[in-house]
Amino acid sequence: MRKVTDSFVSLGHWPSAGSFAFNTDILATNPINLSVVLGVLIFFGKGVCASCLFQSDLLDNRKQRILSTIRNSDELRGGAIEKLEKAKARLRKVKAEADEFRANGYAEIEREKCNLINSTYQNLERLENYKNETIQFEQQRAINQVRQRIFQQALQGALGTLNSCLNNELHLRTISANIGMFGAMKEIT
């Protein structure tokens, strides 16, 4: 121990620039002050250490909450991505169905258009036939009316001629001849 004290003594006497030196005088160093300072440091240091531990626990809790939030966010993100993919798949399906409906709709419109055109053409053809039949009927009726008038006029002319040319004797011979013809026809049948 003597060597340690000597080393302090020799350090204390080492010539220096006057700025730094070890004081080996125990009474001059005030061990009481040092023990009080150390006691205060220990007393308040425990609180600081405890608060450091408390803060460490708070930081650990905060860290755990942050990690939990990140995990939850990742899970939510994964769920959102999955929902997005499902929505995209459904959108593709709906678009395909819409395209199919659109194509079927256009095909149905074309069929209806062709049906309407054919129906209209058939109606026009029927009306044309009806018109032609009506014209033929009216022509036939007009022809029949003309024939009846001509026949009536011819008959009236013939009757007029017969009445002017016929006398009673010729009239009786014509009647007898007609009766004879009817009798001959009766015998044949």
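Asp99 is partly exposed, at 43% relative accessibility. The model in which this residue is described is predicted. Asp99 takes part in a salt bridge with Arg102. The closest N and O atoms of the pair are 2.7 Å apart. Arg102 is likewise assigned a relative accessibility of 43%.

A search of the whole structure returned six salt bridges. Besides the Asp99 and Arg102 pair, two further bridges are described here.

Arg111 pairs with Glu108. Their side chains meet at 2.4 Å, N to O. Arg111 and Glu108 both sit in helix 3. Their spacing is three residues, about one turn of the helix. Arg111 has a relative accessible area of 46% and is therefore partly exposed. Glu108, at 34% relative accessibility, also falls in the partly exposed class.

Glu138 and Arg141 form another salt bridge. Here the closest N and O atoms lie 3.7 Å apart. The cut-off for a salt bridge is 4 Å, so the distance of 3.7 Å between Glu138 and Arg141 qualifies. The two residues are three apart in helix 3 and are therefore separated by about one helical turn. Glu138 shows a relative accessible area of 35%, which means partly exposed. For Arg141 the relative accessible area is 41%, again partly exposed.

Val36, Val40, Phe43 and Phe44 form a nonpolar patch on the surface. Together these side chains account for about 420 Å² of accessible area. Val36 is placed in helix 3. Its relative accessibility is 48%, so Val36 counts as partly exposed.

Definitions and conventions
Residues numbered from 1 in each chain as written. Predicted model: local features only at pLDDT ≥ 70, side-chain atom pairs only at ≥ 80, totals over all residues. Heavy atoms only, no water. Buried < 20%, exposed > 50% of the residue type's maximum accessible area, 1.4 Å probe, protein only. Helix = DSSP H or I, 4+ residues; strand = E, 2+ residues; numbered from the N terminus. Patch = residues over 30% accessible without salt bridge, like charges linked within 9 Å, V, L, I, M, F, W, Y side chains within 5 Å. Areas by Shrake-Rupley, 256 points an atom, 1.4 Å probe, with all protein chains shown as cover.
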